[in-house]
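Morning, everyone. Let's take a quick look at a structure that may be new to you. Here it is on the screen.

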Amino acid sequence: MSSMEFWGVEVKAGQPLKVEPKDFYMIHLSQAALGESSKKGNESVPLFLKFDEKKLVLGTLSPENIPQLSFDLVFEREFELSHNWKNGSVFFCGYQAAIPENDSDQEIKLNK
């Protein structure tokens, strides 16, 4: 049975964050949420993911309408998270788990 533990990071304004899973672990990215802000407004906050030198938009948050967003993404290698919100941080969370070992007995059971 693989071990699983909570994982979370804060990505501050203007500071992209590189994330590297521990050896033999994967990170499951489940959610992003806007942190607290003293400024009111309904600006769009795109969330960016850089993986294998490709920069992608994960989604867009909005303080009034969409303060959090769910994902179902799994990473076994380094990736980078960023955003362009100038009024605060974005928090990403999920869990990390050991990568399952290839077990020949398990493969045989699945094929039957």
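What order do the strands of the open sheet have? Before the answer, one caution: this is a predicted model. Now the order: β1-β8-β3-β6. That makes an open sheet of 4 strands, and the pairing is antiparallel. Look at the edges next. They are β1, residues 4-11, and β6, residues 68-75. Each of these two pairs on one side only. From one strand to the next, the twist averages 20 degrees.

As background, strands of a sheet pair through backbone hydrogen bonds, either parallel or antiparallel.

Let's take one pair. Find β3, at residues 25-34, and β8, at residues 90-98. How many bridges join them? There are 9, and the two strands run antiparallel. Here is one to find on the screen: alanine 32 has phenylalanine 92 in β8 as its bridge partner.

Now to the loops, and to backbone angles. Most residues other than glycine have a negative phi. Two residues here are worth a stop.

Start with phenylalanine 24. It sits in the loop between β2, residues 17-19, and β3. Is phenylalanine 24 buried or exposed? Its relative accessibility is 70%, and the cut-off for exposed is over 50%, so phenylalanine 24 counts as exposed.

Next, aspartate 52. Look in the loop between β4, residues 45-51, and β5, residues 54-61. The phi of aspartate 52 is also positive, near 55 degrees. Its relative accessible area is 48%, so aspartate 52 is partly exposed.

That's the tour. Over to you.

Conventions
Residues numbered from 1 in each chain as written. Predicted model: local features only at pLDDT ≥ 70, side-chain atom pairs only at ≥ 80, totals over all residues. Heavy atoms only, no water. Pairing = 2+ DSSP bridges. Axes fitted to C-alpha atoms, helices over the stretch in contact; angles between N-to-C directions. Buried < 20%, exposed > 50% of the residue type's maximum accessible area, 1.4 Å probe, protein only.
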